[in-house]
Structures are given as structure tokens and as C-alpha cells.
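Have the model open while you read.

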Amino acid sequence: MTETLTVLGIESSCDDTAAAVLRETKDRRVEILSSVVFGQTELHSAFGGVVPEIAARAHAEKLDHCVQDAMATASVTFADLDVVAVTAGPGLIGGVISGVMCAKGIAAATGLPLVGVNHLAGHALTPRLTDQVPYPYLMLLVSGGHCQFLIARGPDEFTRLGGTIDDAPGEAFDKTARLLGLPQPGGPSVQAEAENGDPKRFRFPRPLMDRADCNMSYSGLKTALMRVRDQIVSEKGGLSRQDRADLCAGFQAAVVDVVVAKAKRALEQYMAEAPTQPTIAVAGGVAANTAIRAGLQTLCAEFQTAFVAPPLRLCTDNAAMIAYAGLERFKTGARDDMSLSARPRWPLDKTSPVLIGSGKKGAKA
Ligand code: KG4
Ligand code: ZN
């Protein structure tokens, strides 16, 4: 293949409406020509979480503008495109349908091939887009809605080594911030408080640490934190700045310990199967956490294995990752048609049992 390939990607599975244009050049380099994200944070802020109906309506209103914006920024017309890739799940179903309908409309009007993409595959393939990581590699996907360890073997081939059995870590950060009166999203505010706190003053539980598998649990952590908060409030009448910082530091230390211990298990499992050191990559909003990054970096140094953390704008929800996953699928011959359906649940690893139910940000797989 000597031609360039230009892909339009569309993403609308949660609370970000996104479109991006990506081009694979003749020498097989991939360039992001544009990546536009219209966030919806302010629409949901009064409700303490994403409201699916509001999200779906906002996606339906914004998608056309978002696609137009992405194409104008990339200086391309429909005639320059080779493929339309769209998130077909998992996610909040109203939003996913909006994106799929938009992509089908474009494909029907232009005759362009349509490729449906699993949103989680978009996250999981990002290290290939940013750092050309070869298959197979070990991936920690950690966001407000997802948390799993995966072996990425190909664009449609993933093995899940483990994941959360309840809340995702991002949800735990957000709930902790709410319990302590800190602004949303909770991750950055809890991290900022933790920098001035003593992580040893409060020892929070590290659930499932003694289990040999890679599964995690984060819902008990916020309950434990709430109990300590209530005790301080009943004894002293309120929380001091130091109390708040120490609570955040104790909470963050517990999350880091669990993530790093389970990453070590995942690495050991991987190496038992193929005795080679894989690259470990992270993606998802929580991958922005400096303490988690530092913990994983130390682990990778210990195992003399490479660590890849894509830039934050490509770790959080975006359409460049969907365009990229679509490009990889397209090159394997994958094509969808007007029967492409939106899926609320769509596990990456079809053989692993379902771990969890539905969280604040919708169905997790
Ligand atoms: O991937 P993302 O943008 O959206 C989805 O969940 O799909 O992740 C958002 C999550 C939020 O829960 C936010 O609190 C968390 O990522 N987050 C962080 C940090 N920055 C964002 N969590 C911990 N530390 C951070 N620095
Ligand atoms: Zn996501």
C-alpha cells in the first residue's frame, strides 16, 4: 500500500462530543490533523454526575458542528477522506446512537466506508498512535468509567487480565472530592490537596490486595473516608485544611498502592505466558495522576520495562483515538454497513466474564 489514508473519527459515548481527522502518510507515519472536543461538564454540574438524556441531546446538537470544525481545522473536505470511524459502544446509549447516526449519514451521503470502533479499543490503542508501541503490550486503562489491565495483541484482540469489580478509580476520586467539598472533576483537586498532606495519618483499606489476581475494588475506599471524615467532624465540629489534605493524601496513597500492586501482578502474569518484558502503557483520565504515574514508573524501572503514558489530551476521551482504532481496523479489512448498531456494553475481551455493573458514567465493560 503506497497511498495515504485519511480518517474522520467521531466520539460521543459519554460527556464529550469529539471529532478528529487523522492521516497515515505514504511512509506509514500517522499525523493528527485535528482533534476537536466539545465538553459538557457545565451541563451536568448541577446534577453531580452525567445525565444520559442531557448528554444525548447535547451530542445530537453538537456533532455536526464538531465534525465541521475538525474538518475545517484539518483543511479537508469529504472528498479527501477515505474512511469514517465512529464509536459504536460501550457507553451511554443515547450518545452512542447520536454518533453512529451521524457517521452513517456521512457514509450514506458520500459513499465512504464506515468502521465501528469499540471506545475501549480507542483508549487501548493510543500508545500505538503516540509511541508506535508494537504488539503485544500491557495496558492499564484507568478513567472515570473504566479500569482494566489488558494485553493488547491486535486491533481486535485483547486479553483482560483483571479489572475493577465496582467503582472505577476516577469515580472514587470524584466521590472523595464531593465528600470533602472539593471541586469537580475530583481527580485534580484531590491530587492537589494530597500534595500538602501526610499519607500516613489515615490508613485506608487496600481491598483485594492479598488476592493473587488482577481484580480491584474501589467502592469501600470512599465509605472508609466518609467514616473518618464524620468522626473528625463530630469531634472537632469541622475539617481543618490539614485534615482535608491528610485525608486526600491517605486516599491517594491507597489507590496508588492498589494500582501498582495489581500492575505488578499483571506484569508477572504476562511474563509467565511469554517470558519477555512488555511495554506497560496507561490511558484514561486517571493516568494524569502524578502519584500513580510515579508508582508505575518505579515498578517499570524495577522490571526494566518501558513505560508509556500518552499526553493527557489523548488519555482522556477524544476522537483521534477513535480515528486511529478505525484506521487499524480498516487496514485489517474490517467494514461496517448501515446495520451497524450502537452497543451499551461491549467487552474488549469477549471471553472474560463480566466484572461489574453500571457506574456514574454508564456501562463499563
Ligand atoms: O478518561 P476521562 O476523561 O473520562 C472518562 O471517564 O471516560 O476520565 C475522567 C476521570 C475523572 O473521574 C477525573 O476525576 C479523573 O479522570 N482524573 C484524575 C486526574 N485527572 C483527571 N484522577 C486522578 N488524578 C488526576 N490528576
Ligand atoms: Zn473513555
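1. Strand β1 (residues 5–11) runs parallel to strand β4 (residues 83–89), and four bridges join them. Within that pair, V7 sits opposite V83 of β4. Strands and helices here are DSSP runs, numbered from the N terminus (E, at least two residues; H or I, at least four), and two strands pair if DSSP finds at least two bridges between them.

2. This is a predicted model, with local features needing pLDDT of at least 70 and side-chain atom pairs pLDDT 80 or more, while totals for chains, interfaces and linings use all residues. Residues count from 1 along each chain as written, chains are lettered from A and ligands numbered from 1 in written order, and side-chain values use heavy atoms, leaving out hydrogens and water.

3. Zooming out, five strands make an open sheet with mixed pairing, ordered β3-β2-β1-β4-β5. β3 (30–39) and β5 (114–118) are the edges, each pairing on one side only. From one strand to the next, the twist averages 20 degrees.

4. Helix α2 (residues 52–74) packs on the sheet and touches β1, β2 (16–24) and β3, its direction making about 30 degrees with that of β2. Contact means heavy atoms within 4.5 Å; axes are lines fitted to C-alpha atoms, for helices over the stretch in contact, with angles from 0 to 180 degrees between N-to-C directions.

5. Helix α4 (residues 119–131) lies across β1, β2, β3, β4 and β5, at about 90 degrees to β5.
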